[in-house]
Amino acid sequence: MSNLYWLTEAQMERLRPYFPKSRGRARVDDRRVLSSIIFINRNGLRWCDAPSEYGPPKTPYNRWKRWSDMGIFAQILMGLAEQAPDNKTISIPSHRNCVSTAGQWTPPTSKHIVRPPACG
């Protein structure tokens, strides 16, 4: 598949400070797993429909579930938002996360997507 999504090394460098410490066994390649999570969410796929180039579909699902439960993705989004020039916005490479109508933010419906704090 030619339109796979891969995080760049520069993007990974920005994300690594938010990763939890690995305990026990070495973690599967973070770039591959996070790229697959973004690809799956961006394209509205089921985990089992992920392209084989990303590896077994259970791996990104387990990472998504574990890190979501730990609040890691929320920490990443908050940390990246704090680094933004206006301290409120970040760019997420997906059109499925929220809908903007006349400048108003409409929250996503999935309970697994972290809602950003109210802008004021």
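**Salt bridges and helices**

Author: The side chains of R16 and E13 form a salt bridge, with an N to O distance of 2.5 Å. Please note that this is a predicted model.

Reader: Is R16 buried or exposed, or partly exposed? And what of E13?

Author: R16 is partly exposed, its relative accessible area being 34%. E13 is also partly exposed, with a relative accessible area of 48%.

Reader: How many salt bridges does the structure hold?

Author: The structure holds six. Among them is the bridge between K65 and D69, whose closest N and O atoms lie 3.1 Å apart.

Reader: Where do K65 and D69 stand relative to one another in the helix?

Author: Both belong to helix α3, and because they are four residues apart, about one helical turn separates them. In an α-helix there are 3.6 residues a turn, so residues three or four places apart point the same way. K65 is partly exposed, at a relative accessible area of 36%, while D69 counts as exposed at 57%, since exposed means over 50%.

Reader: Moving on to D30: where is it placed, and what does its side chain meet in a salt bridge?

Author: D30 lies in helix α2, which covers residues 30–43. Its side chain meets that of R27 in a salt bridge of 2.9 Å, N to O. R27 is partly exposed, with a relative accessible area of 28%.

Reader: Is D30 itself buried or exposed?

Author: D30 counts as buried because its relative accessibility is 15%, and the limit for buried is under 20%.

Reader: What else does D30 touch?

Author: Setting aside neighbours within four places in sequence, D30 is in contact with M12, F19, R63 and W67. With R63 there is also a polar contact between the side chains, at 2.7 Å.

Reader: Which other residues of α2 are buried, and what do they pack against?

Author: Besides D30, the buried residues of α2 are R32, V33, L34, S35, S36, I37, F39 and I40. The buried residues of this helix pack against α1 (9–15), α3 and α4.

Reader: What length does α2 reach, and what follows it?

Author: Helix α2 has 14 residues and reaches 20 Å from its first C-alpha to its last, close to the 20 Å expected at 1.5 Å a residue. It is followed by G44, whose phi is positive, near 65°.

Reader: Now α3. What span should it have, and how far apart are its end C-alpha atoms?

Author: Helix α3 (residues 58–70) has 13 residues, which at 1.5 Å a residue should span 18 Å; its end C-alpha atoms are 18 Å apart, in agreement with that expectation.

Reader: Which residues of α3 are buried, and where do they fall around its axis?

Author: The buried residues of α3 are T59, P60, R63, W64 and W67. Seen down the helix axis, they fall within an arc of 130°, so they line one face of α3. On the other side of this helix, K58 and D69 are exposed.

Reader: What covers the buried residues of α3, and what comes after the helix?

Author: The covering elements include α2 and α4 (72–83). After α3 comes G71, with a positive phi near 80°.

Technical notes: Residues are numbered from 1 along each chain as its sequence is written. This is a predicted model: local features need pLDDT of at least 70, side-chain atom pairs count only at pLDDT 80 or more; totals for chains, interfaces and linings use all residues. Side-chain values use heavy atoms; hydrogens and water are left out. Helices (H or I, at least four residues) and strands (E, at least two) are DSSP runs, numbered from the N terminus. Buried means under 20% relative accessible area, exposed over 50%, partly exposed in between (1.4 Å probe, protein chains only). A polar contact is a pair of N or O atoms within 3.5 Å; within protein, one must be able to donate a hydrogen and the other to accept it, and residues adjacent in sequence count only if both atoms are side-chain atoms. Contact means heavy atoms within 4.5 Å. The expected span of a helix is 1.5 Å times one less than its number of residues. The arc is that of the directions from the helix axis to the C-beta atoms. A salt bridge is a side-chain nitrogen of Lys or Arg within 4 Å of a carboxyl oxygen of Asp or Glu.
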